[in-house]
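Here's a quick briefing on a single model, meant to be read with the viewer open. Have a look at the chain before going through the notes.

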Amino acid sequence: ILGAFLLIEDKPEHVRRLKNRGSDIRKAGDLDTAAKYFEWALAINPRCTTCLKDWAEILLTQKKFAEAEAKIRTALDLLEHKDSDALFTLGILLSEQGKDEESLKAYQDSLSLNAEDAELCYNCGIKLGAKGDTKGEMAMYAKATAIDPMQGGAWINWGTSLAEQGNFADAELMFLKALECGGEVRPKAMMNLALVYNTRANQFAQGGDLSNAKESALEAGSFLDQAKPLLDALASDISASVDADSQRYIAQFKPLRLQVHRLTGQILAGSKEFQACEEEFRKASQSFPDVPGVWDMLARILDLQGKAEEAQTAKAKINELMGK
């Protein structure tokens with residue numbers, strides 16, 4: 001009886017040790033073993049909310065969203081839905097399962113408990129944007145960046161929302177702020193700045209202002225050239241899985257850079273700067289030798305300058321690529 005009494009009294013300590021061991025193993029990267037320790041701890045004390053939350057986060061990392069949701073909901077029931085971190089995790093899990101309305105509600109409930117969480121404000125902004133509440137979305141990004149000025153994703157999304165409304169001047173400021181955040185955000189900021197300057201170049205060109213159009217187009221090209229090595233490094237980093245958003249930026253680079261090459265060349269040709277136009281198209285042919293349209297642009301400017309032999313070489317390249 002004494003032994004049994006001592007064992008029962010020691011339960012909290014045993015649970016604590018299992019929980020701590022699981023946390024240490026989780027930090028070391030062995031998620032399956034860590035989950036086992038949380039499972040064992042919960043077998044002794046099913047009301048260990050920390051174990052439930054940690055296990056749910058492991059399942060989230062493993063993309064077992066339904067299982068993770070069940071664990072985090074159990075924890076929230078025990079916590080009377082008054083835990084901001086657990087509500088935040090629930091919001092992520094619901095979002096991953098496409099349950100946007102429920103996800104937004106979880107984020108908002110979490111915000112009511114902890115309004116000073118930049119990541120939470122950022123995620124809430126994304127959900128409001130998906131609902132079409134642009135005003136609410138931007139308010140959340142403003143709050144996120146006020147809490148943490150290095151919240152690059154919020155600056156990017158805020159700038160994107162402004163750009164979609166045609167407010168390119170303010171969008172540019174947001175993307176420049178994102179540029180200061182560094183890391184994976186930096187090439188994304190550069191890509192968005194390139195889009196702003198490319199749009200501006202088009203507007204100037206259509207208005208007949210070729211001088212400002214040229215300046216904006218060259219600026220767009222410069223940002224893209226700075227972004228390329230960073231995107232290449234991101235794509236080739238075998239130690240990290242590239243998220244869907246980064247993959248989208250990587251995929252967008254080639255068509256956007258080609259578009260800027262074409263626009264820059266057209267502006268230079270319109271300004272009678274034929275040699276500079278040729279150099280722009282040669283640069284494009286070196287970067288994208290597999291694109292027939294690049295060689296066509298080069299052939300045209302060469303023909304215009306009376307460089308028939310070089311133009312013929314470019315046209316032969318087109319035929320080669322087209323399989324003629």
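Phe-204 counts as partly exposed because its relative accessibility is 27%; buried means under 20% relative accessible area, exposed over 50% and partly exposed in between, with a 1.4 Å probe and protein chains only. This is a predicted model, so local features need pLDDT of at least 70 and side-chain atom pairs count only at pLDDT 80 or more, while totals for chains, interfaces and linings use all residues. Residues are numbered from 1 along each chain as its sequence is written, and side-chain values use heavy atoms, with hydrogens and water left out.

**Around Phe-204**
- Phe-204 sits in helix H12; helices here are DSSP runs (H or I, at least four residues), numbered from the N terminus.
- Skipping neighbours within four places in sequence, Phe-204 is in contact (heavy atoms within 4.5 Å) with Asp-209, Asn-212, Ala-213 and Ser-216.
- Ile-267 is 63 residues from Phe-204 in sequence, and their C-alpha atoms are 10.0 Å apart in space.

**Confidence**
- The protein chain has a mean pLDDT of 92, and 95% of its residues reach 70 or more; pLDDT is the predictor's confidence in each residue, from 0 to 100.

**Nonpolar cores**
- The largest nonpolar core has 59 residues, and those with the most contacts inside it are Cys-124, Ile-156, Trp-158, Met-191, Phe-223, Leu-224 and Val-294.
- Helix H12 (residues 185-206) supplies the largest share of this core, eight residues.
- A second, separate core of 29 residues includes Ala-34, Ala-41, Leu-59 and Leu-90.
- A core here is a set of buried Ala, Val, Leu, Ile, Met, Phe, Trp, Tyr and Cys residues joined through side-chain atoms within 4.5 Å.
- Leaving out residues up to four places away in sequence, Ile-156 touches Phe-175, Ala-178, Val-185, Lys-188, Ala-189, Asn-192 and Tyr-249.
- Ser-246, in helix H14 (residues 244-270), is buried, with a relative accessible area of 1%.
- With the residues up to four places away in sequence again left out, Ser-246 touches Glu-184, Lys-188 and Leu-234.

- In H3, Leu-31, Ala-34, Ala-35, Tyr-37, Phe-38, Ala-41 and Leu-42 are buried.
- These residues cover an arc of only 155° around the axis, which puts them on the same side of H3; the arc is that of the directions from the helix axis to the C-beta atoms.
- Asp-32 and Ala-43 are exposed on the other side of H3.
- In H7, the buried residues are Ser-103, Leu-104, Ala-106, Tyr-107, Ser-110 and Leu-111.
- Seen down the axis, the buried residues of H7 fall within an arc of 160°, so they line one face of the helix.
- That buried set packs against helix H6 (84-96), helix H8 (118-130) and helix H9 (134-147), while Glu-101 and Ser-112 are exposed on the other side of H7.

**Positive phi**
- Most residues other than glycine have a negative phi.
- Lys-63 isn't a glycine, yet has a positive phi of about 65°; Lys-63 lies in the loop between helix H4 (49-61) and helix H5 (65-78) and is exposed, at 60% relative accessible area.
- Lys-272 also has a positive phi of about 65° without being a glycine; Lys-272 is in the loop between H14 and H15 and counts as exposed at 63% relative accessibility.

Methods. Helices (H or I, at least four residues) and strands (E, at least two) are DSSP runs, numbered from the N terminus.
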